[in-house]
Amino acid sequence: MKSQEQTSSHFADRMAIARRHAFVGRAAELELLRQALQADEAPFAVLYIFGPGGVGKTTLLHTYAQIAAQHGRIVFRLDARDIDPSPQAFLLALSSQTGTGENWLSMEHLATLPPAVLFLDTYERLAPLDGWLRTTFLPALPAHLLVIIASRNPPAELWRTDPAWRNLARIVSLRNLRPEESRQLLTTLQVPAVLQEAVLNVAYGHPLALVLLADWLALGTARAEEFSLEHAPDVLHLLMERFLQDVPTPHHRQALEACALARVTTEALLAEVLGEEEAPSLFAWLRSLSFIETGPAGIFPHDLVREIVETDLRWRNPESWQQLYRRVRRYIVRRFWHSSGLARQQALSDLLFLQRHHPAMKPFYDWRTLGSAYQDVITPQDHPHILAMVAQHEGPESARVAAYWLERQPPAFVVFRGSEMQPLGFAANLLLETITPEDEQADPAARAIWAYVQRYGPPRPGERIQIARFWMGREDYQTPLTHNMVTLNTLITWLTTPNLAWTFCCMAEPAAWEGLFTYINFCRVVEADFTVGSRRYGGFAHNWRAEPLSVWNHVLAERQLDLHFRPEPVGQSASPLLVLSQPEFADAVRQALRDYHRPDALARNPLLRARVLRERAGPNPGPEALQSLLRAAAEALAATPKDAKLYRALYHTYVQPAPTQEAAAELLDLPFNTYRYHLSKGIERVTEWLWQRELYGPPAGQP
């Protein structure tokens, strides 16, 4: 025998069956209505449901109507898209539902309506009528009539502040489906299990997105490993229409795009991007949108809205996306340098978040939890937790090494906390001017790293080495989740530590992290690998004298905008940087001056591998670049009247040399001893000028 569903003969019946089969989740919302219908006196008169376009408000209303009918209630349905926002048009539309036809339902007759449920869909279009409905129409309805409103926008403030409506109205923000509900819907839509996780990662539980992506997947052209919204432009377009349907001006759209790009948005950020005059009104508009959340640091969109808006901008106008990215980044960088403590950590999280779509960064962070933990100074009570983590994840031998550094350099250790005081994880960033024999004996990492540094660039007096020696979580070891936390500490250390020569990052599985570190210009240093217990560790290094912070920042800022960038191992095409002592450097300068007009000899000069020339001329400078550098150093003397005589001695000896030094003295009309003194002082001043740039880079604003 066929079931009733199989024998339904009306389209309406078949439509109801299809909707029932496709409906998943919303258990709490359904129970809320059932309790109200079963109660002798409903706990509320109005159920106000709001949420962004496509979140399932209308679908929920269809299910509500079925439940109301099952409980013997008459159903009146009004869609504000079909009603002019006036009392007369509203009452006429309701009259057609109540059976009075063309005869308007007067206000006096409202009290005679039977037990029913009145549905008002697309309520945002009745915004001009909200006051009349709340103060005149709804109070005239009989107590046994229940009203259910569905709107994109949250209710007006008076729905919450008026004492009567605060008790009589129940307000529900309709959220996206939970992961298990999303999987149930995808299964109903016949999406293969192998593709479901990829869809979930893109749709974030948004019902319309799940349905549209399921339809697109039915074409059979997508693969899980390359699945993204950019591969489904038609889906992207339909979702954009839903979310941006009521965006009033291009400036409002730009504000939403900035909000989608940034982790959190404030008025100050909008002022940077769109100007101070418009920022307050645009920020207020963003806050009023149903898909915008409010947090302690600012506002932010629902995940799907964020992805849709930014992906559309990047696909539609890459140049505008890059311009917006630079403006947002500039604001966050300035915030970073003008803050400290927790505010600085949050700014760094915001900077990292901008890179969440870059293929070289995306796999290495848990982007949804970024910024949820903060670093804190350790206390004696934290020591047992730190050592327990090391013993759990790396073994007792490694725990003994951690105990050694915990006693020797406790400020190097920081813990990460969340909502509880027990550490979620920790990091140890050692800062050392030298590594002692005692350090080498206690820690194989220190021994291997010190041997590498001695070979490729010992620290000069006052310079320091940073070693990210330990990093791990309490539950998870070295995973994207724990990497969220350790990045804050490590980056802040190398961005703010003066005279930093080297940074080393120690990893348990370096091969798994190579893509990230090559992207940020860190070299894999196999020669510095080490073993503790039975585990082999490796890592990555950056020589800040070869690529100083200012250059590194510029390189990374541009690299972030190239989503097609594929990093190659650092240093393949460049000869290694040579770190000279001060006497060696001075000898090289004197020799370069003597060889100024001998390119073959200049090609062998150690200065070609020094930071001062690499920073000025790139990774593989030639003799011409060295000549230019020497000329610039000499010409710096000519800018000062009292040093001009030193410049002239250098010029006629090396740049445009006289046949002999005696001839140079005669050309300068100087006694030979005076000429020799000026030349010696000139060489000394040029060497000092170059040495300062070798150590610290050029002064701000100078080449």
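**Before you start.** This is a predicted model: local features need pLDDT of at least 70, side-chain atom pairs count only at pLDDT 80 or more, and totals for chains, interfaces and linings use all residues. Residues are numbered from 1 along each chain as its sequence is written, and side-chain values use heavy atoms, with hydrogens and water left out.

**Select the whole chain.** Show it as a cartoon. You are looking at 32 helices and 15 strands. Both are DSSP runs, numbered from the N terminus: helices are H or I with at least four residues, strands are E with at least two. Along its principal axes it spans about 120 × 60 × 50 Å.

**Colour by burial.** Buried means under 20% relative accessible area (1.4 Å probe, protein chains only). Buried residues make up 52% of the 703 in the chain.

**Show contacts.** A contact means heavy atoms within 4.5 Å. Take those between residues at least 6 apart in sequence: 71% join residues at least 24 apart.

**Zoom to residues 179-188.** This is helix α9. Select Glu181, Ser182, Leu185 and Leu186; these residues are buried. They lie on the same side of α9, because they cover an arc of only 140° around the axis. That arc is taken from the directions from the helix axis to the C-beta atoms. An α-helix has 3.6 residues a turn, so residues three or four places apart point the same way.

Note on methods:
Buried < 20%, exposed > 50% of the residue type's maximum accessible area, 1.4 Å probe, protein only.
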